[in-house]
Amino acid sequence: MIRVVVVDDEALVRSGFELILSAADDIEVVATARGADAVDAVRREQPDVVLLDIRMPDVDGLTVLRRLRELPEAPVVAMLTTFDTDEYIVTALSSGAAGFLLKDTEPDQLAQLVRSLAAGGVVMSPKASRSMLRSHSRAGTTADGAAAARLERLTERERQVLVLVAHGLSNADIGARVHLSAGTVKDHVSAILGKLRVSSRVQAALLAQRSGLLDHDRPADTEEAR
């Protein structure tokens, strides 16, 4: 079972997410909480995934994210937002969030996105990801040269894996696509993060997008590297 905690200042949002996710056989919402109670709830329940509102009146979502990332066994955290151009999103991703979801994400997509989070995937709501990545690209144009130089250090296989990471696939999904074990994919991802000098899959995905790598490579077109 994938254990989930939902953190939001609105009771209706909390209960809605709980109702939708609890319908899945492999997902259990072990707690819902307001922002001020989030860290205590996570310590108590030790979830695999936390869905965290980025804007809350009692405590800022970014503050909660930083506190959760400091826990000895930090859960995977995805940010919840109402807007597809939330200015806090880039900060959240650079602070260790594993992605972000719009609160109006389709119910039939929500459980699958949580599964992807639990499996180590990068999760960005389809409605918001393009807008978010374009915004990040404009903000980071001065780093394009350095980013391109770091990408040149990757092997062909590593570039292939990075493209799939950037499109949100988990290690298991990447392995199935390119005929590698999940463990081997994990090793490739670790090497990619080291060569790119980033600390998370999300940061690697953003760097790949900013450098134009995703403009040339699509998951459907990716063939096994020779």
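Guide: Let's start with how α10 passes α11: the crossing is left-handed, meaning the near helix is turned anticlockwise from the far one by less than a right angle, while clockwise would be right-handed. This is a predicted model, where local features need pLDDT of at least 70, side-chain atom pairs count only at pLDDT 80 or more, and totals for chains, interfaces and linings use all residues. Residues are numbered from 1 along each chain as its sequence is written, and side-chain values use heavy atoms, with hydrogens and water left out.

The axes of α10 (residues 182-196) and α11 (residues 201-210) cross at roughly 65° and come within 10 Å. Axes here are lines fitted to C-alpha atoms, for helices over the stretch in contact, with angles running from 0 to 180 degrees between N-to-C directions. Helices are DSSP runs (H or I, at least four residues), numbered from the N terminus.

So who touches whom? On the α10 side V189, L193 and L196 make the contact, and on the α11 side R201, A204 and L207 do; contact means heavy atoms within 4.5 Å. By class, that contact has five nonpolar residues, no polar ones and one charged (Ala, Val, Leu, Ile, Met, Phe, Trp, Tyr, Cys and Pro count as nonpolar, Asp, Glu, Lys and Arg as charged, and the others, Gly among them, as polar).

Now stay with α11: 10 of its 10 residues are buried, so this helix is largely enclosed by the rest of the structure. Buried means under 20% relative accessible area, with a 1.4 Å probe and protein chains only. Among the buried residues are R201, A204 and L207, the α11 residues that meet α10. After α11 comes G212, with a positive phi near 85°.

Note on methods:
Helices (H or I, at least four residues) and strands (E, at least two) are DSSP runs, numbered from the N terminus. Buried means under 20% relative accessible area, exposed over 50%, partly exposed in between (1.4 Å probe, protein chains only).
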